[in-house]
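I opened a notebook page for this structure and wrote down what I looked up, entry by entry.

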Amino acid sequence: MRQRGPSPAPAPAPADPGRAAAVRALAEGMASMRGPLLPVLHAVVQQHGYVHDDDVPVVADVLNLSRADVLGVLTFYHDLRRTPPTAHRVTLCRAEACQARGAEATVAAATDRWAGSTDVEVGEVFCLGNCALGPSGMLDGALHGRLTPDRLDALTEGWPA
Ligand code: FES
């Protein structure tokens with residue numbers, strides 16, 4: 001067991017004790033793994049959709065890490081969500097090959113269309129391995145190529161503004 005100086009201040013009580021118990025059970029089940037932190041955080045995202053701030057002290061306690069250790073990993077990897085997932089997600093490639101094929105126009109259109117939306121999240125990625133068919137993007141997890149603002153509108157028809 002690792003000790004890191006004086007004990008930290010106790011974490012405030014979680015807002016959702018049921019969730020805290022579920023996260024604790026999940027982390028305890030994986031604690032014996034080698035390097036369990038990242039797998040535990042991925043499992044929390046898979047099970048609950050995101051890692052809530054209240055999950056951090058629970059995971060830290062189970063894995064005998066500091067809250068800063070957990071938060072450092074959590075904030076380093078963008079795929080580890082810290083907010084509830086939206087109904088729809090648009091992830092557009094902004095790497096060189098897609099930029100050369102005009103990706104920025106689609107990025108700008110998507111950003112404008114869903115600015116402030118609580119239902120649609122627009123994100124970026126740097127290469128989806130679909131360069132030959134760029135500009136590329138993922139719409140709710142499905143890969144699409146040759147994205148233009150018009151094609152994006154057609155593919156997302158009926159999505160909330
Ligand atoms: S650069 Fe966009 S898919 Fe490779």
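The entries below go from the domains to helices, loops, rings and cysteines.

**Ground rules.** I am working with a predicted model, in which local features need pLDDT of at least 70 and side-chain atom pairs count only at pLDDT 80 or more, while totals for chains, interfaces and linings use all residues. I number residues from 1 along each chain as its sequence is written, and I take side-chain values from heavy atoms, with hydrogens and water left out.

**Domains.** I looked up the domain assignment of the protein chain, which gives domain 1 (17–76) and domain 2 (88–155); such bounds come from an automatic or database domain assignment. The C-alpha centres of domain 1 and domain 2 lie 31 Å apart.

**Helix α2.** I took helices (H or I, at least four residues) and strands (E, at least two) as DSSP runs, numbered from the N terminus. Helix α2 covers residues 37–48, and its 12 residues reach 16 Å from first C-alpha to last, close to the 16 Å expected at 1.5 Å a residue, where the expected span is 1.5 Å times one less than the number of residues. For burial I used relative accessible area, with buried under 20%, exposed over 50% and partly exposed in between (1.4 Å probe, protein chains only). By that scale Leu 37, Val 40, Leu 41, Ala 43, Val 44 and Val 45 are buried in α2. I noted beside the list that an α-helix has 3.6 residues a turn, so residues three or four places apart point the same way. The buried residues of α2 pack against α1 (17–30), α3 (55–63) and α4 (67–76), and just after the helix Gly 49 takes a positive phi of about 90 degrees.

**Helix α3.** I then asked how many residues of α3 are buried. The count is 7 of its 9 residues, which leaves α3 mostly covered; the buried residues are Asp 55, Val 56, Val 58, Val 59, Ala 60, Val 62 and Leu 63. They pack against α1, α2 and α4.

**Backbone exceptions.** I kept in mind that most residues other than glycine have a negative phi, and most peptide bonds are trans. Asn 64 has a positive phi of about 55 degrees although it is not a glycine; Asn 64 lies in the loop between α3 and α4 and is partly exposed, with a relative accessible area of 30%. Cys 127, also not a glycine, has a positive phi of about 90 degrees and lies in the loop between β2 and β3. In the loop between β2 and β3 I also found Pro 135, and the peptide bond from Gly 134 to Pro 135 is cis, with omega near 0 degrees.

**Asn 130.** Is Asn 130 buried or exposed? At 15% relative accessibility, Asn 130 counts as buried, and its place is in the loop between β2 (120–125) and β3 (137–139). With contact meaning heavy atoms within 4.5 Å, Asn 130 touches Ser 136, Leu 143, His 144 and Gly 145, not counting residues up to four places away in sequence.

**Leu 155.** Leu 155 lies in helix α7 and is partly exposed at a relative accessible area of 32%. Leaving out residues up to four places away in sequence, Leu 155 touches Leu 139, His 144 and Leu 147. Leu 155 and Leu 139 are 16 residues apart in sequence and 8.3 Å apart in space, C-alpha to C-alpha.

**Aromatic pairs.** I searched the whole structure and found 2 aromatic pairs, taking rings of Phe, Tyr and Trp (its six-membered ring) as paired if their centres lie within 6.5 Å, with planes under 30 degrees apart stacked, over 60 edge-to-face and the rest tilted. Phe 76 and Tyr 77 form an edge-to-face pair, 4.9 Å centre to centre with 85 degrees between the planes. Trp 114 and Trp 159 form a tilted pair, 6.0 Å centre to centre with 45 degrees between the planes. Trp 114 lies in the loop between α6 (103–113) and β2 and Trp 159 in the segment after α7 (149–155), so this pair ties together parts that are 45 residues apart in sequence. Trp 114 is buried at 3% relative accessibility, and Trp 159 is buried at 16%.

**Cysteines.** I searched the whole structure for disulfides, that is, pairs of cysteine sulfur atoms within 2.5 Å, and found 0. Cys 98 is buried at 2% relative accessible area, whereas Cys 127 is partly exposed at 38%.
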